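Here are my notes, as promised.

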Amino acid sequence: LWRKRYKELFDSVNAVLCEGPYMMSAIQKLGCPEEKIHLYHLGVNVDLIKFNEPTWQKGRPLRILMAATFTEKKGLPYGLLSIAKLRKIRPDLDIKVTLVGDSQRKGKDRDKQSILQTISKGKLTDIVTMIGSCSHDELLRLALEHDIFLSPSVTAKNGDTEGGAPVTIIEMAAAGLIIVSTNHCDIPNVLGKTNRQLLSNERDIDGLTNILNWLLKNPDQWKTIAVENRLLIEKEYNIENQGIELEKIYENILVQ
């Protein structure tokens, strides 16, 4: 039924905008003609996002930020379990975790319960601060107070995915946080070369832990990672530049 509806959609529109190569491939597989597909990156207001050069060094608390709606595709339990494992590997390390977000469902929610149970079973209660939902301005302020943004997206059991890449990853990378995430959908495409090489597979707790541990052993690489991310976002994901690109797409459609 949905493939039939998609075909009707693709036949009736002049263009389909996709935020990244993964999304483009998925849309084409659903039957959209290749000539109607356009790559169009989501833009963020880089002028409002202050770039904070990484300053973490050995002996200082490691501050990890996690922010997402409490849904399966966000992979939050896997990120929390990787932190629990890191504590065992590095008992000398002082870790502080801020978890932003909540469930959109009323009453008892399976995904939220999974997160709470992971915090309890992983013995993370003493280091995780849950602050619920917050404003966009508050999230950008929190970015300035943290070192790493942990966002391990996965493909949910029902097939739900990010489709492209979470805007929070783009914004946190623009703010100078090191991104610890997964090779999921278009996430690799919104990160600079060095950070892109540090992504783990989905649901790979050991992989996430190894990335975190590598970062702790190589703090001299953090500045390179952060600068590469910021430059890529300024070039490819700046909302002003993307507005111009969108205008070009519309103009090309109108002259066809």
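1. A word on terms before the strands: two strands count as paired when DSSP finds at least two bridges between them. Keep in mind, too, that this is a predicted model. With that in hand, look at β3 (residues 62-67) and β4 (residues 95-100): they run parallel and share six bridges. One place to check is A67, which sits opposite V100 in β4.

2. On its other partner, β3 pairs with β6 (residues 148-151), again in the parallel sense, over two bridges. Here L65 stands opposite F149 of β6.

3. Zoom out and you get an open sheet of five strands, ordered β5-β4-β3-β6-β7, with parallel pairing. β5 (128-132) and β7 are the edge strands, each pairing on one side only. From one strand to the next, the twist averages 25°.

4. How much of β3 is buried? Five of its six residues are, so the strand is largely enclosed by the rest of the structure.

5. Two helices are worth a look against this sheet. α5 (residues 136-143) packs on it and touches β3, β4 and β5, its direction making about 155° with that of β3. α8 (residues 205-217) also packs on the sheet, touching β3, β6 and β7, and its direction makes about 160° with that of β7.

6. The crossing is right-handed. On the α5 side the residues involved are H136, L139, L140 and A143, and they meet T168, E171 and M172 of α6. By class, that contact has four nonpolar, two polar and one charged residues.

7. Last, a residue I'd click on: A175. A175 has a relative accessible area of 1%; buried means under 20%, so A175 counts as buried.

8. What does A175 touch, leaving aside its neighbours within four places in sequence? The contacts are I49, K50, F51, N52 and A143. A143 is also one of the α5 residues that meet α6. As for E53, A175 is 122 residues from it in sequence, yet their C-alpha atoms are 8.3 Å apart in space.

Note on methods. Residues are numbered from 1 along each chain as its sequence is written. This is a predicted model: local features need pLDDT of at least 70, side-chain atom pairs count only at pLDDT 80 or more; totals for chains, interfaces and linings use all residues. Side-chain values use heavy atoms; hydrogens and water are left out. Buried means under 20% relative accessible area, exposed over 50%, partly exposed in between (1.4 Å probe, protein chains only). Contact means heavy atoms within 4.5 Å. Axes are lines fitted to C-alpha atoms, for helices over the stretch in contact, and angles run from 0 to 180 degrees between N-to-C directions. Helices (H or I, at least four residues) and strands (E, at least two) are DSSP runs, numbered from the N terminus. A crossing is left-handed if the near helix is turned anticlockwise from the far one by less than a right angle, and right-handed if clockwise. Ala, Val, Leu, Ile, Met, Phe, Trp, Tyr, Cys and Pro count as nonpolar, Asp, Glu, Lys and Arg as charged, and the others, Gly among them, as polar.
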